[in-house]
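Hello,

I am passing on the structure we talked about. Please have a look at it before reading my notes below.

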Amino acid sequence: MALALIVPALAVVTLFFVAPLAMSVVVAFRGKGGGITLEHFAKAFDYYSTDLLFTLAIVVLSTLLIGGVAIAIAGYLTLGGNARAVAILRWLYRWPLFIPFVVAGQVMRTFLAKNGMLNHVLIGSGLIEPLSAQSLLDWRGIVIAFVWKQAPFVTLLLAGAMASLETQHIEAARNLGARRLRVLVDIVLPQVRGTLLVGLVLSFVTMLSVLSVPLMINPNSPTMVTVDVAYRINTHGDYPVANALCILSLALSAIGAAFYLRHASRASTAAT
Amino acid sequence: MRPFTLPAPVTAIFRASVLAVLAFIIFGPLLNLLLWAFAERWYFPSKLPLEFGLTYWYRVFQPRGNALASLGASVWIALLTVAFSLLVAIPAGYALARMKLPWRGAILLLFLLPQAVPNLPVYVNIAQVFYQIGLNGTILGVVLVHASHGLVLAVWIASAAFASIDVSLEEASRNLGASAWTCFRTVTLPLATPGLIASAIFVFLESLDEFTGTYFVGVPDVTTLPLLMFNATMGGNYQISSITALLLLIPSIGFMLVVERFLKADVLAMVGR
Amino acid sequence: MKLRQFFPLAFFAFAGVVAAQTTLNVVTAGDQNMVDYVNNYLAPKFEAMNPGVKVRAVGTGPGDGGSQKIYEKLSAQQKAGSAEWDVDVAVIHQLASATMVNEKLLMPYRNDISAGKLVSRDTAKNALGANVDGYVLPMFHSQIAFAYNPDLVKSPPKSFVELNEWVKKNPKQFGYNGVKGGMSGVGFVTGWVSAYSGLSEKLEKGPYDATSAAAIDRALLGLKDFNQYVVMTPGNAGTLDMLNRGEIAMGPVWVDMFYTWQADGRLNPKVKLSLPSPGLPGQPMYYVIPAKAAHAALAKKFIELAESPDVQADGIVKQFNWYPGIDPQFVQPKLDQAAWNKLFTDISPADLSKYGRPFPLSPYFKEIVEGYERVVLK
């Protein structure tokens with residue numbers, strides 16, 4: 001009975017997700033005669049090794065920054081002293097959450113340009129010299145766009161998890177004179193580690209698949225692998241190499257998945 | 001010994017400036033969007049548009065313009081995606097939350113996949129398959145692609161919503177003689193509704209904003225608003241792309257202001273468990 | 001008339017109206033300005049001339065990628081054996097037209113319409129070395145040129161060699177969009193290879209010779225060095241955008257996009273154009289009719305309208321700033337002197353004929369584009 005309820009969902013996921021994924025593997029390894037070949041991977045590495053490293057670096061950096069920002073904001077929301085500041089922060093931080101990646105790419109393109117709003121404000125407030133204004137429309141722009149868009153999501157998850165913690169531990173620690181930073185690091189964070197990991201892994205994997213942001217901010221090399229995949233398909237119709245690149249980015253995401261699975265299995269063994 | 005604290009005015013100023021910087025980081029780019037949406041002439045070296053106007057709004061909304069058609073297509077696709085996802089996700093979520101499932105671990109892994117794995121290879125190959133069976137460039141094709149991703153989100157949230165309902169309430173209803181279906185219909189479903197609505201909202205928004213899959217599967221016949229916006233940006237039509245971006249943001253921001261009623265912290269905390 | 005008799009009549013009348021409504025599907029590659037041209041200019045004219053017909057314009061994106069999408073659409077329908085295809089008129093780049101003629105995806109139509117006699121340029125028969133005679137008509141001819149800000153660039157470089165020296169003295173003041181962001185960057189790269197490989201004649205006229213690969217790679221290595229001193233822009237529009245913001249002082253742009261941006265207030269009116277020696281490419285885009293188009297007769301009428309001297313003068317040249325697709329002598333009498341001269345303000349007809357080149361032959365073209373990724377981007 002239970003199986004019957006779940007079969008439609010399983011069918012959709014299998015047909016429209018697992019099957020194309022399997023196809024991807026097949027096409028990436030299939031040679032001209034039908035045998036198995038590594039030539040597509042060789043070409044992918046030959047042309048795009050820089051981009052692969054670049055992708056990994058960007059996504060890892062973004063994930064770390066997202067983690068930092070999310071912990072800071074969620075921590076303040078839970079432990080913050082000034083009620084008005086907490087209320088303002090709670091209202092403020094979630095705005096980018098509902099802005100799609102494609103719009104985030106577009107707004108960042110004009111915001112981060114050499115003569116964009118960011119530089120105008122920095123120059124206007126005297127923080128930098130006009131001549132030293134830089135265009136951030138390269139890997140930094142991609143990282144900024146990713147963190148801007150994803151940090152609120154992880155913050156939302158974290159804040160929710162922190163809010164459902166028992167307050168006795170926090171209060172006990174505060175009563176003993178612990179500073180809030182200490183409470184955050186020693187008491188709150190360990191308990192919400194699971195949620196933090198889920199949020200970060202989800203973000204890591206999502207960012208690996210984003211096409212719109214790198215396409216709009218920095219489509220020229222070095223760029224993210226997603227742009228190269230789109231280029232291979234749209235301009236050359238080169239599905240084998242495009243799929244090889246996809247498999248390689250799958251391998252990159254396996255790093256993130258490994259983290260999650262390790263945690264999930266540890267949690268379930270702890271629960272049993 | 002009391003820990004060292006800064007004098008109150010200093011912390012207040014510090015707090016205010018951090019919030020101000022954060023506000024600039026969050027709203028600055030959006031303000032830029034607004035400026036471009038109402039600009040008519042804007043070129044270097046002026047910091048603000050030279051002329052403001054609504055000409056581009058007329059261009060966007062003109063009968064031959066694609067914007068209204070794209071908006072319609074986007075909303076229609078999103079609604080269909082939500083309907084399909086919920087139809088499939090509610091039973092699946094209930095089964096995951098309440099029932100004993102054989103191969104539970106494997107099933108959980110399968111549902112984890114679309115979130116744990118980059119979707120690019122999937123979209124690329126689905127497009128190829130759809131070409132051959134004639135689903136490429138159709139609304140149905142795009143809905144299927146959106147649903148296969150949104151479904152997973154819906155299943156996770158639905159199962160979390162069902163799991164957070166107190167089992168004793170259902171047991172009480174069964175003890176009073178209700179059948180499984182009646183119990184589900186009158187007890188479980190209403191209690192889970194806020195969480196389900198939240199999942200519906202997320203799926204709707206994800207579909208509305210979806211770009212990469214539609215880029216491969218929908219082009220060129222199905223144009224959703226994100227695709228229109230992207231094309232306008234790449235074509236340098238910043239006024240048009242900013243206006244379409246604003247259109248895209250209206251449902252998103254609207255839901256944001258509403259969703260808080262439906263997303264309780266404990267439901268969120270259960271996502272991913 | 002009784003109510004009961006009314007309904008079936010009303011139904012048939014309605015069905016008749018609906019049935020009379022035909023949709024002509026026009027699918028065009030290229031930037032948004034291509035879609036705008038069909039939607040805002042051609043479609044209203046055509047619909048006024050043919051009541052009951054609605055024109056539906058769809059864009060597939062800039063560069064050869066956009067044409068590739070159209071090719072894939074038609075090819076899929078051919079493989080599936082569909083009786084009628086869902087594209088009636090397509091506007092594509094030269095490279096794709098050669099492939100499509102080869103695979104019998106197009107129907108010959110040039111001799112069926114009177115406008116076919118108005119084109120005598122080589123580009124109507126030859127697409128990067130492939131024979132497409134009869135299957136295509138040029139919609140317009142476009143040209144890539146260097147746009148530069150005269151305040152920042154007092155005397156623009158007159159050749160690629162001069163440009164190479166100029167960027168070393170003025171780093172990060174020149175920008176172009178690589179090979180992935182649109183054809184203006186691709187054109188710059190082929191222009192560079194033409195200048196530095198010493199093979200410009202051969203690249204354009206052939207024959208294709210695999211031994212040229214070494215010279216091409218050498219030229220590309222020079223480009224790799226050049227890239228250190230320049231900025232990469234995000235696309236055709238990206239170059240214009242950065243010029244507009246003063247972030248670069250010079251870059252290759254499509255002449256028509258350049259004029260359109262100035263007219264739209266998105267580019268400073270004082271920015272000018274120039275052509276370097278030995279030249280920068282231009283290309284036509286072609287009107288084609290798929291072999292099994294559902295409305296072939298209507299499609300021919302549509303192209304007839306689009307290639308008529310009036311439309312070419314008013315639409316192509318005056319409003320959208322392209323060089324005409326049909327021979328200039330048919331278009332010039334329809335324009336006033338000022339409008340005609342606007343096309344040649346910065347680039348004289350003499351310069352255009354000397355420095356306006358076609359793209360290299362398709363095997364060389366592919367080699368250069370792939371070589372860019374292999375040599376320059378690593």
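The notes cover salt bridges, then one interface.

This is a predicted model, in which local features need pLDDT of at least 70, side-chain atom pairs count only at pLDDT 80 or more, and totals for chains, interfaces and linings use all residues. Residues are numbered from 1 along each chain as its sequence is written, chains are lettered from A and ligands numbered from 1 in the order in which they are written, and side-chain values use heavy atoms, with hydrogens and water left out.

Salt bridges

Over all chains, the search of the whole structure gives 18 salt bridges (a side-chain nitrogen of Lys or Arg within 4 Å of a carboxyl oxygen of Asp or Glu). One of them joins Arg232(A) to Glu370(C), at 3.6 Å from N to O. This pair crosses between chains: Arg232(A) sits in helix 10 (residues 225-236) of chain A, and Glu370(C) in helix 16 (residues 362-376) of chain C. Helices (H or I, at least four residues) and strands (E, at least two) are DSSP runs, numbered from the N terminus. Arg232(A) is buried at 1% relative accessibility, and Glu370(C) is buried at 19%. Here buried means under 20% relative accessible area, exposed over 50%, and partly exposed in between (1.4 Å probe, protein chains only). Both residues belong to a network of salt bridges that also takes in Lys43(A), Asp238(A) and Glu373(C).

Within chain C, Lys270(C) and Asp151(C) form a salt bridge at 2.3 Å, N to O. The two are 119 residues apart, with Lys270(C) in the loop between helix 10 (255-263) and strand 10 (272-274), and Asp151(C) in the loop between strand 6 (137-148) and helix 5 (160-169). Lys270(C) is partly exposed at 38%, as is Asp151(C) at 43%. A further salt bridge links Lys202(C) and Asp209(C) at 2.6 Å, N to O.

Chains B and C

In this interface, 23 residues of chain B are in contact (heavy atoms within 4.5 Å) with 35 residues of chain C. How many salt bridges cross the interface of chain B and chain C? The rule finds 0. On the side of chain B that touches chain C, the elements giving two or more residues are strand 1 (39-41), helix 2 (55-61), helix 10 (225-234) and helix 11 (238-259). That side has 11 nonpolar, 7 polar and 5 charged residues, where Ala, Val, Leu, Ile, Met, Phe, Trp, Tyr, Cys and Pro count as nonpolar, Asp, Glu, Lys and Arg as charged, and the others, Gly among them, as polar.

Regards
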